[in-house]
Amino acid sequence: MKLYINVEKKRRTAVKLMGATFLILQSTIFISCSDFLDILPMNEVVLENYWTEKGDVTSVVNSCYETLESADCLTRMGVWGELRSDNLRLGANVPNEINEILKENLLPSNPMCNWSRFYEAINRCNTVCHYAPQVQAIDPNYTHEEMLANIAEATAIRALCYFYLIRTFRDVPYTTQPSIDDSQEFIIPATPFNQVVDSLITDLEKVKDYAVRRYETDDSPNAYYNSSRITRAAIYALLADLYLWKGDWDHSIKYCDLVIDQKREQYQEMIDREGNVNNIALFGDIPMILEKPVGSTVCGNTYNEIFGTGNSFESIFELYFRTNQSQQNSWITNYYGNNNNVMGRLSAPDFLAKDVALGTNNVFKKTDGRIYESTELTNSRYAITKFARRSVSYSTQSVNSDKDLNLTSSRRSGGDANWIFYRLSDMMLIKAEALIQKGAEYYVPAFSLINAVNKRANDVTSTSRSDTLKLSDYSDSKASMEELLMAERQREFMFEGKRWFDLVRLARRDGDNARLISLTSRKYIENVNAIKIKLADPNIIYFPYAKSELKVNPLLKQNPAFDTGEDSELTK
């Protein structure tokens, strides 16, 4: 296998892991013939001519982020985490592979089952972890602390990729070894879900204290680095989520608290630096962005900060697309929409958005700004505007119809919407979920966290309207508290690529798909009973392995829910 490297700039390697065979592909940057080395064997080029200085490591670390930003990864983050849930239905000009998944007609031949781009990111991360110590040993400008921080970044991105894979496919091929040359063969069986979770937790626990706490001060023009690159808080957030899926409630709570405490410190620093902070206030004892800044009469500030501008005070980790980016957030542009594409390929189901302002919707109170910010009625369907809007303003002071909102908004003209993995309300609701699982004595603090998120969305402050949630309506049983938690997660994170994973986690904990089916079936209009029957199979909540992967890796065994016989023959 051959590799060309630009001697002058050595911009980056483009190592790609293709499926479970982990084959390497090379990207070639052409400037002039004289800029390139003669063709050499892969090992000699990489070892002798590339991994020699700090810039080589940072270039490949940057390429790990760039892989996540690719259309292939972003589309699958949305499809895998959201499409099969009760949040999405078809919009306009929906591709056939998406429409088939919406109808729960998911086959191994569907392109959305292809995971190769995630394994490309994983192999880049593995390569960083492998070579960074060697570079640090020979480059005096590359400190030991910088090397450890780079390894922490790569380890976290790798863990995030594997987390997406196991939540989607359950058991997946797992390795932390890089594919470096042609002599290596990585045809390996799938590692069980729980074993992967344990491995990811172990890896993150080892590196968490080496991650950068903050790249820039909050008042710096480059403060967005603090949430668009892996930090210690981002690793804490990922650990909190992994421990939640593992069922280790105490550790999940521990890492949520570490992030929440850091936000409290950050808020206090803002007060010390600026005096009054008009757009953030305490809900309970947790600082959150206000729907209406002090002195304003209109809502929308929360949306504008978190989704419009991005990299907000509440952000923990998100992909950055705002300025001078070579890649666009194609998931938002194509599937949700922008200024030139009001109705994207997907839309929201009626039960989620219809008649909210009239006060008759069962999901949202009419004072809940999240639905007005995130959807709009277009040609009898509810277009998704979350991320697609650059700004929004409206009033919920006295709402009895949509007209009373006086809603105005502006849409993005391009694909510069950031994609958010974790933000402060994630930590609050993950902690609440873990508290509920610990038992009835923890329902009160769990409710307080859920209520704080809900109060902010309904513009409930000390000087405004009363709470919309009451503890007594839910505290009689664990099932009721879980129902409240799942409902609030849906309201808070709809269209953010989380809902289907939430339902999968619920089904795994329940040991059956009954509640998943009850919730998911709300969006269907046709073939409802047939879909309910299909979803009863406990294996079907995961995606099938792609047919192409079964061909190249004989050690993969198809998910039984999708094993039609034809795919089984491929493994013989």
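How much space lies in the largest cavity? About 180 Å³.

Residues are numbered from 1 along each chain as its sequence is written, and side-chain values use heavy atoms, with hydrogens and water left out.

First, confidence. pLDDT is the predictor's confidence in each residue, from 0 to 100. The protein chain has a mean of 89, and 88% of its residues reach 70 or more. A contact here means heavy atoms within 4.5 Å. Where pLDDT is low, the predicted coordinates should not be read in detail.

Next, the overall makeup. The protein chain has 22 helices and 14 strands. These are DSSP runs, numbered from the N terminus: helices are H or I with at least four residues, strands are E with at least two. Of the 572 residues, 57% count as buried. Buried means under 20% relative accessible area, exposed over 50%, and partly exposed in between, using a 1.4 Å probe and protein chains only. Among contacts between residues at least 6 apart in sequence, 69% join residues at least 24 apart.

Now helix α6, residues 144-169. Its 26 residues reach 37 Å from the first C-alpha to the last, close to the 38 Å expected at 1.5 Å a residue; the expected span is 1.5 Å times one less than the number of residues. Because 23 of the 26 residues are buried, α6 is largely enclosed by the rest of the structure. Just after α6, R170 takes a positive phi of about 75 degrees.

The largest nonpolar core has 168 residues, and W80, L165, W419 and M427 have the most contacts inside it. Helix α6 gives the largest share of this core, 16 residues. A nonpolar core is a set of buried Ala, Val, Leu, Ile, Met, Phe, Trp, Tyr and Cys residues joined through side-chain atoms within 4.5 Å.

Back to the cavities. The whole structure has six of 30 Å³ or more. A cavity is a set of points, on a 1 Å grid over the protein atoms alone, where a 1.4 Å probe fits but cannot get out; lining residues have an atom within 4 Å of a point. The largest is lined by 19 residues, of which R167, D241, F421, Y422 and K498 lie nearest its centre. Elements that each supply at least two lining residues include α6, α9 (232-246) and α15 (424-438). Strand β14 gives the most, with four residues.

Which residues does E482 touch, leaving aside neighbours within four places in sequence? They are I436, Q437, R509 and R515. E482 is in helix α17, residues 478-493, and counts as buried because its relative accessibility is 8%.

D56 lies in helix α2, residues 54-69, and has 1% relative accessibility, so it counts as buried. D56 and A132 are 76 residues apart in sequence and 9.0 Å apart in space, C-alpha to C-alpha. S116, in helix α5 (residues 116-138), is buried with a relative accessible area of 8%. From S116 to E549 there are 433 residues in sequence and 9.2 Å in space, C-alpha to C-alpha.

Notes
Predicted model: local features only at pLDDT ≥ 70, side-chain atom pairs only at ≥ 80, totals over all residues. 1 Å grid on protein atoms, 1.4 Å probe; cavity = no way out; pocket = protein on both sides within 12 Å on 5 of 7 lines; lining within 4 Å. Points joined across faces, edges and corners; volume = space filled by probe spheres on them.
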